[in-house]
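Please keep the sequence and the structure in view while reading.

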Amino acid sequence: MLTLDVLGYEEQGNVATLQLGHPVDVAVIRDLQTVCAYLEDESKSDVLVLRGNAERFCGEIDMRAFDPSRPLDIHGFHKWEKVLSWIERIPKFTIAVIRGRCVGAGLQLALVCDQRIAAPGARFRLDEVSRGFLPGMATFRLAKYIGLGRARSLVLAGKQLDAVEAERWGLVDQVVPAEGLDAAVSSLVAAWTPENAIALELARRLLNESYSIQYEEFIGNFLAAQHRAITSERFMELLKKAHSE
Amino acid sequence: MVSKLAESLPQILSVGTATPPDRYTQEEVLAMFDSVDPRVRGFYLNGHIKTRHLVLPDPVNGRREPESQEALITKHRRWSVRLGKEAIDACLSPLGLTPADVDYLACVTTTGYLCPGVSAYLVKEHGFREDVHRIDVVGMGCNAGVNTLQPVAAFCATNPGKLALMLCVEVCSAAYVNDGTLRSAIVNSLFGDGAAAVVLRTGSWVNPPGRKYGPRILGFESHTISDAMMTMRFDLYEGKLSFFLDRDIPYFIGSHVEKPIGRLLERFGLKRRQIAHWVVHSGGRKVIDSVKYNIGLTDHDVRHTLSVLRDYGNVSSGSFLFSLEKLLNERVVKPGDFGVLMAMGPGVAIETALVQW
């Protein structure tokens with residue numbers, strides 16, 4: 001089993017749960033790397049649930065982590081982006097469960113998950129620009145969810161969304177009462193049966209790449225990915241099952 | 001600080017490449033072959049290739065006549081030796097070395113048959129010593145560079161301090177058949193001419209300042225897909241050797257590529273995410289896509305593979321060395337980084353090597 005410095009982790013059935021809430025610093029990034037390596041190499045779980053506490057989903061980037069007496073460099077931000085991209089590609093179905101503040105780094109993290117479920121009290125905001133820096137690669141991902149105009153409202157004007165607005169804008173997939181969050185996760189997991197993990201991984205990759213390349217290039221990517229899916233052992237089993245029914 | 005173990009492993013000291021002077025866009029080559037078939041146009045224009053270096057005969061009265069088999073063989077002999085010399089010089093001279101310093105010479109070519117082999121011409125004409133050990137690997141295809149790296153590395157491992165040079169030289173335009181068939185059009189739209197040389201040595205070595213080192217070679221894994229053997233082949237067709245590529249090749253390679261890569265990494269206790277550099281043969285757009293989606297590589301991982309394909313086409317056995325040269329020139333490699341060299345070709349072969357800087 002894995003040991004983490006600041007985050008909590010447990011597995012039950014086919015669901016792994018990562019407990020966040022801590023401000024983002026070097027220790028959090030290290031824990032997230034440990035979790036990703038464990039999920040990729042050893043874990044039998046099919047689903048990863050990322051949860052905060054009642055106050056916040058995940059803390060913002062801690063300004064005190066920067067030492068003003070020394071020249072700042074970019075490498076810490078690069079490490080953060082690398083681990084977000086790792087979570088985005090991890091071969092598990094990922095669900096962010098959001099209560100309270102989902103601001104800055106928290107929203108950046110929520111955007112790399114496959115699904116976002118929020119309680120009515122959840123609030124969404126990217127406050128980095130008002131604090132003098134940039135909201136990471138949320139600048140790359142956000143507009144794909146909500147469109148460029150709305151992304152400007154969040155990133156440039158620092159607009160805060162409540163849960164209902166966030167759902168209407170497409171930032172959140174479901175809003176459910178706080179006491180119903182566990183049930184909502186359970187029914188999402190139950191409805192989502194991992195028939196072929198390879199198909200999930202490839203479909204997600206294609207969707208993520210869909211905004212950046214031409215149709216002519218994309219069709220080649222799709223054919224390569226589809227070939228991998230239909231030649232997987234799991235797809236063969238599903239095919240035989242379909243024939244025997 | 002180089003460890004004792006690292007010093008006992010063969011290291012690529014330098015890479016050099018060469019291409020014929022004439023460079024053609026895909027549109028230019030298409031115009032020469034006079035094809036109006038939309039499928040042929042598609043092969044030329046939708047395959048990621050922009051330009052290729054080729055040796056093509058001058059037009060007579062505005063038309064390029066088909067070359068005879070004899071003319072093609074002569075072209076291969078003349079240009080394989082010429083490009084070979086240029087690639088060898090580009091590889092050796094930055095280190096202050098000459099062909100006379102080389103103890104083992106391995107020459108790889110598939111695009112023409114000649115006896116005596118390319119290595120004999122190079123000894124006669126390019127200053128290699130009379131006691132140089134020679135090997136010519138002929139007809140193995142695009143993968144042959146990685147195959148030949150195995151005996152070259154083995155020579156270095158058993159002869160510390162000796163220099164071994166491998167030359168991959170392909171005059172693909174000497175394998176062009178202009179017969180109006182679709183199969184020939186596919187081949188003629190893809191392959192380009194080019195040569196690449198690497199020099200290897202075991203033991204401590206200091207390159208001149210600013211000259212980037214290649215990696216040390218840790219091990220190889222091979223994979224032959226016999227079921228697909230006839231999907232890439234030369235046929236004798238109306239008196240000419242005509243190459244054939246089956247449309248399912250990318251998918252055969254895709255569904256097997258995990259096997260040699262998995263074995264290679266497992267043998268050294270490594271995960272895929274620990275490989276910092278992927279040096280993959282520029283076989284063609286679809287083959288590269290297939291490799292990307294089957295072993296989870298990004299466009300960034302195959303950036304050199306794609307740029308070599310775009311600028312040179314598929315230069316067959318030397319392709320992966322063109323990518324390696326680009327990687328070294330990029331100056332992003334750090335000591336300790338792991339890399340995988342990979343080339344695919346007839347057999348169907350997937351040849352891999354694990355390397356470390």
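## Salt bridges within and between the chains

Glu217(A), Arg285(B), Asp289(B), Lys292(B) and Asp299(B) are joined in a network of salt bridges, where a salt bridge is a side-chain nitrogen of Lys or Arg within 4 Å of a carboxyl oxygen of Asp or Glu. This is a predicted model, in which local features need pLDDT of at least 70 and side-chain atom pairs count only at pLDDT 80 or more, while totals for chains, interfaces and linings use all residues. Residues are numbered from 1 along each chain as its sequence is written, chains are lettered from A and ligands numbered from 1 in the order in which they are written, and side-chain values use heavy atoms, with hydrogens and water left out.

Over all chains, the structure holds 32 salt bridges, and the count between chain B and chain A is four.

| Salt bridge | N to O distance |
|---|---|
| Arg51(A) and Asp182(A) | 2.5 Å |
| Arg129(B) and Asp103(B) | 2.8 Å |
| Arg134(B) and Asp136(B) | 4.0 Å |

The side chains of Arg51(A) and Asp182(A) meet in a salt bridge. This pair links distant parts of the chain, with Arg51(A) in strand β3 (residues 47-51) and Asp182(A) in helix α7 (residues 181-191) of chain A, 131 residues apart. Helices (H or I, at least four residues) and strands (E, at least two) are DSSP runs, numbered from the N terminus. Why does Arg51(A) count as buried? Arg51(A) has a relative accessible area of 17%, and buried means under 20%, exposed over 50% and partly exposed in between, with a 1.4 Å probe and protein chains only. Asp182(A), at 47%, is partly exposed.

In chain B, Arg129(B) forms a salt bridge with Asp103(B). Here too the pair links distant parts of the chain, since Arg129(B) lies in the loop between α5 (118-126) and β5 (133-138), Asp103(B) lies in the loop between α4 (69-92) and β4 (104-109), and the two are 26 residues apart. Arg129(B) is partly exposed with a relative accessibility of 27%, whereas Asp103(B) is buried at 12%. In the pair of Arg134(B) and Asp136(B), Arg134(B) is partly exposed at 46%, and Asp136(B) is partly exposed at 29%.

## Cysteines

In general, a disulfide is a covalent bond between the sulfur atoms of two cysteines. A search of the whole structure, taking a disulfide as a pair of cysteine sulfur atoms within 2.5 Å, finds zero disulfides over all chains. Cys58(A) is in no disulfide, the nearest cysteine sulfur being that of Cys102(A), 8.2 Å away, and Cys58(A) is buried with a relative accessible area of 2%. Cys156(B) is likewise in no disulfide, and the nearest cysteine sulfur, that of Cys91(B), is 12 Å away. Cys156(B) counts as buried, at 0% relative accessibility.

## Where the chains meet

Between the chains, 14 residues of chain B are in contact with 17 residues of chain A, contact meaning heavy atoms within 4.5 Å. The area buried between chain B and chain A is about 1,400 Å², of which carbon and sulfur atoms give 49%; buried area is the accessible area (1.4 Å probe) that two parts lose on being put together, summed over both. On the side of chain B, Tyr251(B), Arg273(B) and Tyr293(B) lose the most area to chain A, together 53% of what that side buries.

Glu88(A) lies in helix α2 (residues 75-89) of chain A and is buried, with a relative accessible area of 14%. Not counting residues up to four places away in sequence, Glu88(A) touches Val112(A), Arg141(A), Arg204(A) and Asn208(A).

Ser319(B) has its place in helix α12 (residues 319-330) of chain B and counts as buried at 0% relative accessibility. Leaving aside neighbours within four places in sequence, Ser319(B) is in contact with His281(B), Ser282(B), Val308(B) and Asn314(B). The C-alpha atoms of Ser319(B) and Ala196(B) are separated by 7.9 Å, although these residues are 123 residues apart along the chain.
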